[in-house]
Amino acid sequence: MLNVSNLHVHYGAIHALKGVSFNLEEGEIVALIGSNGAGKSTLLKTISGLLEATEGEVSYQDEIISGQPAQDIVSKGVIHIPEGRKIFPKMTVVENLEMGAFLLRDRRLVAERMEAMFERFPVLRDRKKQLGGTLSGGEQQMLTMARGLMTNPKLMLLDEPSMGLAPVLVEKVFDIIEEINEQGTSILLVEQNAQMALSIADRAYVLETGRITLSGDALDLMENPLVIEAYLGG
Amino acid sequence: MKPPNLFRKSAEKGLVYSLVMIFMMMIGFHVVAANLMSKVFGVTVLRGSIPEVRFMAFVHILFAFLFGWGASDRQRDKKSRIRQGLITSLTAGGIIALFSVLLNYLVEAQIDIRQYLTAFSADSMRYFILNQGQSGIFVLFAIYLFTGLLGTILAIIFQSEKAQTSRQSLKAKIGEAAQTFSDKMPTLVKKHWKYGIYAILVVVLLIMPMRWGSYYNFVASVVGVYVIAGIGLNIMVGLSGQLMLGYAAFFAMGAYSVALLNAPTPHGIMLGFWPSLLVGVVAAMIGAVLLGLPIMRLRGDYLAIVTLGFGEIIRILLKSDLLIDFTGGPRGIHAIQGPTLFGRSFTSDSDYVYLILVFIAISIFIYQRLANSRTGRAWLAIKEDPIAAQATGINLRGYKLLALIIGAAFAGLVGGIAAARNAFTGPNDHSLMVSINVLSLLIVGGMNSIPGIVLGAFALRGLPEILREVETYRQLAFGILLIVMMLVRPKGLWPGSRPVLEKVDEEVVEEISTEIKKPKRKRTHA
Ligand SMILES: Nc1ncnc2c1ncn2[C@@H]1O[C@H](COP(=O)(O)OP(=O)(O)OP(=O)(O)O)[C@@H](O)[C@H]1O
Ligand SMILES: [Mg+2]
């Protein structure tokens, strides 16, 4: 479904991705783990068109999408949920969700999806009219995910959904991710919380300073001594 | 118990207050204030002369009262409030008195420092201490101390719970009366009273230009031009969040299009006003594209600096000898022909006021439609968080560019009209100051609000025209107004409420939610 080959990205002189290749099949959850500054967010941004690659290409459903503008990639069903809870702080919850459906023009469909989001994230229903910026961190995370789901994406790029959440909430977020996946959305999951990420992923890649150094089935990687030492606090 | 920092805070406040007065004196504003005061009392002062001394005293008393009023914190109890008022008034009075000692010394020693501070003439210094010399200093101190205390006491009384509840009950009574009044109104009036007000406003606007003479028509057209410019700039800054400091460049494009195509010199094309105006609008839009494409990635300070540079480059080009044969150089272009409509040419000031009013109406209409559209929502999202906006599928570059183009079109339009109205345009009509004025009117009036823009345009362009006498102090008044504004009403005089986005109406959501819930319930019962 998603094929990334030999991807290079530069920030000026900084060489953030140095030839990354990997793939993701339809229906999978693929985890991408790596330490701070490894280039995980850079990779997601490049896939979703927020950044441009200097070399290499990204193809999605047999079409090259690297180089296309972000909004075209969104309209193909690839949704990027950026790290750091990028909600619209001065819009209400409902308005945030509407923005998520910006590309949908069918009002009834938007209302339906919104209702579905309220079913899945009941906290949001209680806070319909509250401004995004006044939600708690956990609620904001729910809102960014709900907003991303408004377009019913085929592929979701999730950047550190558990960042700064209490353990109970982390569990819940991961449950929701699994649920979304079961309903047919493929997921590329970037996580610091390797333990949790590997426990729900089918496969995983390890990214270190711009290169993929390890890959394999999530369960195998969990037992890999290198991974245990570096990422599972072993 | 006395809070430990009460003393220091109040003393600081007194210091700030006294500095306000000292600053006023240093720029000679105390004479202007006394002048205004004398106007309030209906006493005319000869131009260039200093008003009667009692008015200076009134100014001191007024400020001392205000200082005392502002000295204490509402939350504190009476005793500490009085103490605060006392400390603040003492500090303010003390420092002002010390400053007056200095003034008195300068006057008596006949030291002339006017070459450094023009306001330090002996007359002006003496006037500050009420023409009294040493005893004036004591009077001043007494004024600041006692009037200040009076201010504090009145503030306490006025803000006491009793006073507040009685005011609230009064408000409630008025509200009730209004309610019963409106209940008695026929439903027709109840529903459409707003349109009634609009209608009255329109009638007034239609009649006034014929009645109030050409001077006020001149003022009205200046304000009107700035209203349209403000609406245009608001689309760039207020709606899409791009700080534009070179707005006057788009003005220039409209003005010069009309000038070059519809004036006898330097080209004598005489295309006619309306086609020239259209060319001007299109030229401004093209200018926006040329500027916009390379700066799309810039944000914040960088964007501001580049747009500022752009504005200056355009102005300098117009002014340069290089293009003198083409643009008329620094002297500008004269005798620009105005519009004709139905065979009648626009000659009087009121004609232009009507023309501008029509375009204001069109601008407001376009602005409202845009702000509440899908495009408006995209702009808002971009302004709040560009990355999140992009991630939801908004075409960042496209929408930002669109805001620039539409905003520039307004500027081109208004530049063309102003050039025809003045029958002249030159490089100095499009200086940085124009850009800053338009931006200031948004800040003073309030972003994203039509009434705010109108108020801002009036405050920044209309008031200075009406208060011609204080013309010299206009820049200063701007400065003070801006500072006070930012402190008192940081969002402007009449800020806009954010356009409501609720595209999905609640009813549909409710309906769907009940639909979804129904089958579930059945299942559990079965
Ligand atoms: N806008 C930028 N300009 C310059 N360098 C950048 C920029 N964004 C990221 N980088 C650099 O690129 C490298 C990769 O950053 P990236 O954000 O992709 O890391 P990450 O793996 O997501 O880290 P984290 O887990 O901390 O979020 C880092 O060295 C970072 O400093
Ligand atoms: Mg990251």
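## A buried helix in chain A

Let's start inside the structure, with helix 3 of chain A, whose buried residues are Val93(A), Val94(A), Glu95(A), Asn96(A), Leu97(A), Glu98(A), Met99(A) and Gly100(A). This is a predicted model. Helix 3 of chain A spans residues 93–100, and because eight of its eight residues are buried, the helix is largely enclosed by the rest of the structure.

What provides the cover? From chain A, the elements over these buried residues include helix 4 (107–120), helix 5 (122–126) and helix 6 (137–149). Chain B takes part too, with helix 15 (374–384) among the elements that cover the buried residues of helix 3 of chain A.

## A charged patch on the surface

Now for the outside. Four residues, Asp202(A), Asp217(A), Asp220(A) and Glu223(A), come together on the surface as a patch of negative charge.

Glu223(A) counts as exposed because its relative accessibility is 64%, and the cut-off for exposed is over 50%.

## Chain B as a whole

Stepping back to chain B, you will find 21 helices and four strands. The chain has 526 residues, and 46% of them are buried.

As for the surface, chain B has an accessible area of about 27,500 Å², and carbon and sulfur atoms account for 68% of it.

Terms used. Residues numbered from 1 in each chain as written. Chains lettered and ligands numbered in written order. Predicted model: local features only at pLDDT ≥ 70, side-chain atom pairs only at ≥ 80, totals over all residues. Heavy atoms only, no water. Patch = residues over 30% accessible without salt bridge, like charges linked within 9 Å, V, L, I, M, F, W, Y side chains within 5 Å. Areas by Shrake-Rupley, 256 points an atom, 1.4 Å probe, with all protein chains shown as cover. Salt bridge = Lys/Arg side-chain N within 4 Å of Asp/Glu carboxyl O. Lys, Arg positive; Asp, Glu negative; His and termini not counted. Charge placed at Lys NZ, Arg CZ, Asp CG, Glu CD. Buried < 20%, exposed > 50% of the residue type's maximum accessible area, 1.4 Å probe, protein only. Helix = DSSP H or I, 4+ residues; strand = E, 2+ residues; numbered from the N terminus. Contact = heavy atoms within 4.5 Å.
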